[in-house]
Amino acid sequence: MKNTSRWLVFLVALQVFRLLVGSLFELVPQEAYYVFYARHPALSYFDHPPILAWCLALPARLHPPPPIAVRLVPFLFAALTLAGALRLARRFVPDAPGPAVLLLATTGVFSVLSVVALPDAPLVAAWTWSLCFLAEALLDDRAVAWLPAGLCAGLAFASKYSGAFVVLGAGLLLLLLPRGRRALRTPWPWIGLLVAGLATAPVWIWNATHGWASFVFQTAGRVEHARGLSPWNLLGLLGSQLVLALPPLVWAWGRVAVQSVPRALRGALDPEELFLAVFSLVPAAVLVLVSLWAVVKPNWPFPLWIAGALWAARRSGPWLLRWNVAASALVHVLVLVQLFAYPVRLGDDTWVGWSSLREQTRARLGPGEFAFSADDYKTTAQLLLDGTIEAYGRNLLGQPALQFDFAGGDPKRLAGRTGLFLDSDPRRFDDAPSGPPPPALPPRCGQVVEEPPLLVHRGERIVRRFRAWRCVDYRPP
């Protein structure tokens, strides 16, 4: 009992510390974008399904929402994930369920899930509870468990499309396990699939009424951006997981996975091992295959570490948790230093400088003027965060603008007005002139006037730079 109390107290303290950290730095562009989602209620959205946006509806009413209000949402989803992970650990790692949960909870993966409001937070929570109920249905023959399993699988898909891996995994286990094949002759798995379909209905309805735009973007659109065979993408995927899941866990899981493949091909894995393999090794294999042609984002593998961490803990000794905690402490100290002291200027659109950008933009705008940008969604979403700036995306240049195409207003009503065009320039840290405008801007303006760049400082250092031009007499596409 004393050992149980110790790891539980540590886990609670760790999560509270994460919530505190999350309250102390400004919202990142992705969070600002999902707040924009939430301020335009819909059945679903262009980039992602709706669960996160729906859950951000209350904090999105604030202008701007404080970080703590937004980040309470992933914090609560992380609590649901931990509760489900503990339930799974008691089944799959019965001798040490607490350390198995800590192995997962101390990773960088779980820090991101707990601190940043991304669709991955509801995805992983729903994924975890899907596994809980699928284990009961497939390993215990508890037929009624197919109903909550279907509901959670549907909620996973309604959080992020990679939730489809839950249904894929369940289908594989139904075919591979004798109990699964018997279950296929009953109505229960099919009723569970129907429940999953009902839970995803808003996503299908939105897509059907919007030309299947989101599905096309996430499938054919991704294929169009593939750059051909490249081992660097695979190395990037491996490197990101070494930082986020940490080297001891990646090594232990990889060793278990490699050792299990021959046994799986011979049909020699016991049902519990096969369950963990299907929900960690199968999505990992798919992502590795995808990475040979396209960039796999660091957060895409997050769900596989639920089963992956339990599988590694099941087959490893206490050394794994000790070494992973040591690696976690080192990585998190480095991240915290970078987060708050920012010693290394990153050549990317980071969390730094957005509030300063809003202040400077307000000061630059004259009466009746608007702001717009063409860097996907980040600058526009951040400008809109406090509700005091009229801002638009790159649809004003006649280019696809993601969710701004569906909720960003009609560019034609801006005809004849003056707009301040901002271009994020994250790899430069000087006060040089903005220079020539992007080629797509002049055809949309009666006159383009170069403006001094907007600069964000930390002390004496320039840490962010935005080039700027004034577009006089805007001409819609």
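Asp141 counts as partly exposed because its relative accessibility is 44% (buried means under 20% relative accessible area, exposed over 50%, and partly exposed in between, using a 1.4 Å probe and protein chains only). This is a predicted model, where local features need pLDDT of at least 70, side-chain atom pairs count only at pLDDT 80 or more, and totals for chains, interfaces and linings use all residues. Residues are numbered from 1 along each chain as its sequence is written, and side-chain values use heavy atoms, with hydrogens and water left out.

Now for the partner of Asp141. Arg179 makes a salt bridge with Asp141, and the closest N and O atoms are 3.5 Å apart (a salt bridge is a side-chain nitrogen of Lys or Arg within 4 Å of a carboxyl oxygen of Asp or Glu). That pair ties together distant parts of the chain, 38 residues apart: Arg179 sits in helix H10 (residues 178–183), while Asp141 lies in the loop between H7 and helix H8 (146–157). Helices (H or I, at least four residues) and strands (E, at least two) are DSSP runs, numbered from the N terminus. Arg179 is partly exposed too, with a relative accessible area of 35%.

Glu136 counts as buried because its relative accessible area is 11%. Leaving aside residues up to four places away in sequence, Glu136 touches Arg87, Arg91, Asp141, Arg142 and Ala145 (contact means heavy atoms within 4.5 Å).

Glu273 is buried at 4% relative accessibility, whereas Arg314 is partly exposed at 25%.

Strands get a look-in as well. Arg465 pairs with Asp430 in a salt bridge, the closest N and O atoms being 3.1 Å apart. Arg465 belongs to strand S5 (residues 461–474), and Asp430 to the loop between strand S3 (419–424) and strand S4 (445–458), so this pair links distant parts of the chain, 35 residues apart. Arg465 is buried, with a relative accessible area of 0%, and Asp430 is partly exposed at 25%. Across the whole structure, a search finds 22 salt bridges.
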